[in-house]
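This report goes through selected residues, pockets, salt bridges and domains in turn. The sequence and structure come first.

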Amino acid sequence: MFIVKYKKIFLIFSGLMVLVAVVFISVFGLRLGIDFKGGALLEASYIANRPDISLLENKIKTLNINQALVQPTGEKEYLVKTRDLSESEHQALLSALSLDGKYPVSEKSFTSIGPSVGSELAYKAILSIIFVIIAIILFITFVFRKVSRPVASWKYGVITIITLLHDIVIPAGIFALISHYSGAEVDTLFVLALLTILGLSVHDKIVVFDRVRENLSTGTSRDFAETVGTSTKATIVRSINITLTIIFVLVPLYLFGPETTKNFAMILTIGLVFGIYSSLFFASPLLVLVQEWQNRKKK
């Protein structure tokens, strides 16, 4: 099986992708939205045509609000994200959005989130990801408890976590690069996308590892690498078809859906692509590599 035969190439590629993603995150950072750092979100709808975004950005700069982010949504709406505003600043922002009455505008919604609430959401988001990772390790260790040779069951869980980190670090790095130029921010939908990636990716990996377990129990081959290769080959078509089915739904959501869900659809699509890659071309070679390392250690 070529996946096992060229395992070093696939492992090096995955390592380089993770390294590049970490560099992007370190250099550009992840721009936190108001969900986590607090602030105000105003959704404005124009009665007639909406003005050019550059006109609004220049007008808002005169208010000394600092780092206001203006995003188009729908055909006649804008979303404006700013720091927390007083009522007078809120009214001044509304006036600025109408360009002093030249473009009649109505306020569809105005939401203010305090810094303490944002910090609590950030804490819960991190806690959720940690909880999911621990639960996955325990689940896989239990499911593969009868598989002790040549690789212990708990190592399947550790390998799964390594590949899952691969699946969320790379999309996060790509998002850091995109947000540096587009101003996109990390919000609760971003965290939801990462958690969804974890859930969908772990399913693919369990499918592959479960086939390995079956073939080990039936003695398909005495060679572990060959068993892993045969097992992975048997799941390729199924895994790719399932992933493509989900991506076919996400692409229209990104292209034609509301502005607020575009980043969610983009991150989830990227995560699924790298998730299916890691299930077939990273997890399996890593499993064989662990077995080979154990053999060398025994000698």
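Val4 is found in helix α1 (residues 2–5); helices (H or I, at least four residues) and strands (E, at least two) are DSSP runs, numbered from the N terminus. The model is predicted: local features need pLDDT of at least 70, side-chain atom pairs count only at pLDDT 80 or more, and totals for chains, interfaces and linings use all residues. Residues are numbered from 1 along each chain as its sequence is written, and side-chain values use heavy atoms, with hydrogens and water left out.

With a relative accessible area of 10%, Val4 is buried; buried means under 20% relative accessible area, exposed over 50%, and partly exposed in between (1.4 Å probe, protein chains only). Residues up to four places away in sequence not counted, Val4 touches Ala225, Val228, Gly229 and Val288, where contact means heavy atoms within 4.5 Å. Val4 and Pro171 are 167 residues apart along the chain, and their C-alpha atoms are separated by 25 Å.

## His166

Helix α7 contains His166. The relative accessible area of His166 is 3%, so this residue is buried. Leaving aside neighbours within four places in sequence, His166 is in contact with Ser14, Val18, Pro171, Phe274, Tyr277, Ser278 and Phe282.

## Domains

The protein is divided into domain 1 (2–34 + 116–298) and domain 2 (39–113), with bounds that come from an automatic or database domain assignment. Taken over C-alpha atoms, the centres of domain 1 and domain 2 are separated by 39 Å. Seven residues from domain 1 and ten residues from domain 2 take part in the contact.

## The largest pocket

The largest pocket has a volume of about 430 Å³. Pockets are found on a 1 Å grid over the protein atoms alone: a pocket is an open set of points with protein on both sides within 12 Å along at least five of seven lines, whereas a cavity is a set of points where a 1.4 Å probe fits but cannot get out. Lining residues have an atom within 4 Å of a point. Grid points are joined across faces, edges and corners, and a volume is the space filled by probe spheres set on the points.

Of the 23 residues that line the largest pocket, Gln71, Lys81, Asp187, Thr260 and Asn263 lie nearest its centre. At least two lining residues come from each of α3 (34–37), β2 (69–73), β3 (77–82), α7 (153–182), α8 (188–218) and α10 (259–281). The most is given by α10, with five residues. The lining has eleven nonpolar, six polar and six charged residues; Ala, Val, Leu, Ile, Met, Phe, Trp, Tyr, Cys and Pro count as nonpolar, Asp, Glu, Lys and Arg as charged, and the others, Gly among them, as polar. The largest pocket lies between domain 1 and domain 2, because both give residues to its lining.

## The second largest pocket

For the second largest pocket the volume is about 320 Å³. Its lining consists of 16 residues, of which Ile126, Ile129, Phe190, Val191 and Leu194 lie nearest the centre. Helices α6 (115–143), α7 and α8 each supply at least two residues of this lining, and the largest share, five residues, comes from α6.

By class, the lining of the second largest pocket divides into 16 nonpolar, no polar and no charged residues.

## Salt bridges

Side chains of opposite charge can pair when their charged atoms come close. The whole structure has seven salt bridges, each a side-chain nitrogen of Lys or Arg within 4 Å of a carboxyl oxygen of Asp or Glu. One of them joins the side chains of Lys7 and Glu292 (3.4 Å, N to O). This pair links distant parts of the chain, with Lys7 in helix α2 (residues 7–28) and Glu292 in helix α11 (residues 283–298), 285 residues apart. Lys7 counts as buried at 11% relative accessibility, while Glu292 at 25% counts as partly exposed.

Glu43 and Lys108 also meet in a salt bridge through their side chains (3.7 Å, N to O). Glu43 lies in strand β1 (residues 39–46) and Lys108 in strand β4 (residues 105–113), so the pair ties together parts 65 residues apart in sequence. Glu43 is partly exposed, with a relative accessible area of 21%, and Lys108 counts as partly exposed at 49%. A further salt bridge is formed by the side chains of Glu185 and Lys81 (3.9 Å, N to O). Because Glu185 lies in the loop between α7 and α8 and Lys81 in strand β3, this pair ties together parts that are 104 residues apart in sequence. Glu185 and Lys81 are both buried.
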